[in-house]
Amino acid sequence: MSDNRPKVLVVDDAATVRMYHTKLLDDAGFEVAEAANGLEAVEAAMSTAFDLFVVDVNMPKMNGYTCVETLRSDTVGTPAPILMISTEDRPGDADRAYAAGANLYLVKPVNAERLARVARMLTSGVAA
């Protein structure tokens, strides 16, 4: 079945957070897939063209910063926007995310309305 909704990959090792973000984004009109860590995200990105990545920072196997760097590398080379959402709120956390290639960095918790608004803004050029 074909789905014209923008495709989002939610990447977080916490199942409850993945489920929460997936529900919010699905309700907001996105087609959502999930990955439990950065390595799964990179594997998914190599076989599917996503319109947006929502990536946590602290994850096993491959953390969010390395995941974003790999997604932006020549190996994957995704042009899709990357939104990092983390509990990390120390000075320099956002700068590190932007240096890795993220488009936007938000600190958890992010309410439903804000997540939907930011996802729409970042995918505004994608047909829905």
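**Contacts, salt bridges and a helix pair**

Mentor: Start with Asp-56, which touches Val-11, Asp-12, Asp-13, Gly-64, Met-84, Ile-85, Ser-86 and Lys-108, not counting residues up to four places away in sequence. Keep in mind that this is a predicted model.

Trainee: Where is Asp-56 found?
Mentor: Asp-56 is in the loop between strand E3 (52–55) and helix H3 (64–72).

Trainee: Is Asp-56 buried or exposed?
Mentor: Asp-56 has a relative accessible area of 5%, so it is buried. The cut-off for buried is under 20%.

Trainee: What does the UniProt annotation say about Asp-56?
Mentor: The UniProt entry, which is unreviewed, carries the annotation "modified residue: 4-aspartylphosphate" at Asp-56.

Trainee: Which residues are linked with Asp-56 in a network of salt bridges?
Mentor: Asp-12 and Lys-108 are linked with Asp-56 in that network. Asp-12 and Lys-108 are also among the residues that Asp-56 touches.

Trainee: Why can side chains pair like that?
Mentor: Side chains of opposite charge can pair when their charged atoms come close.

Trainee: How many salt bridges does the count come to?
Mentor: The count comes to eight salt bridges. One of them joins the side chains of Arg-18 and Glu-34, at 3.2 Å from N to O.

Trainee: What else is Arg-18 in contact with?
Mentor: Leaving aside neighbours within four places in sequence, Arg-18 contacts Val-10, Asp-12, Asp-13, Ala-35 and Ala-36 as well as Glu-34.

Trainee: Next one. Which residue meets Glu-88 in a salt bridge?
Mentor: That is Arg-90, with 3.1 Å from N to O between the side chains. Glu-88 counts as buried at 16% relative accessibility, whereas Arg-90 counts as exposed at 52%.

Trainee: What does Glu-113 form a salt bridge with?
Mentor: Glu-113 pairs with Arg-117, and the closest N and O atoms are 3.6 Å apart. Both residues lie in helix H5, four residues apart, which is about one turn of the helix.

Trainee: How accessible is Glu-113?
Mentor: Glu-113 counts as exposed, at 59% relative accessibility. Arg-117 counts as partly exposed, at 45%.

Trainee: Changing topic to helices. What describes two packed helices?
Mentor: The angle between their axes and the distance between the axes.

Trainee: What are those values for H1 and H5?
Mentor: The axes of helix H1 (residues 15–27) and helix H5 (residues 112–122) come within 9 Å and cross at roughly 65°. H1 passes H5 in a right-handed crossing.

Trainee: Which residues meet there?
Mentor: From H1 there are Tyr-20, His-21, Leu-24 and Leu-25, and from H5 there are Ala-112, Leu-115 and Ala-119.

Trainee: How many residues of that contact are nonpolar, polar and charged?
Mentor: In the contact of H1 with H5, six are nonpolar, one is polar and none is charged.

Methods
Residues are numbered from 1 along each chain as its sequence is written. This is a predicted model: local features need pLDDT of at least 70, side-chain atom pairs count only at pLDDT 80 or more; totals for chains, interfaces and linings use all residues. Side-chain values use heavy atoms; hydrogens and water are left out. Axes are lines fitted to C-alpha atoms, for helices over the stretch in contact, and angles run from 0 to 180 degrees between N-to-C directions. Helices (H or I, at least four residues) and strands (E, at least two) are DSSP runs, numbered from the N terminus. A crossing is left-handed if the near helix is turned anticlockwise from the far one by less than a right angle, and right-handed if clockwise. Contact means heavy atoms within 4.5 Å. Ala, Val, Leu, Ile, Met, Phe, Trp, Tyr, Cys and Pro count as nonpolar, Asp, Glu, Lys and Arg as charged, and the others, Gly among them, as polar. UniProt positions are given in the numbering used here, feature names are shortened, and annotations may be inferred rather than shown by experiment. Buried means under 20% relative accessible area, exposed over 50%, partly exposed in between (1.4 Å probe, protein chains only). A salt bridge is a side-chain nitrogen of Lys or Arg within 4 Å of a carboxyl oxygen of Asp or Glu.
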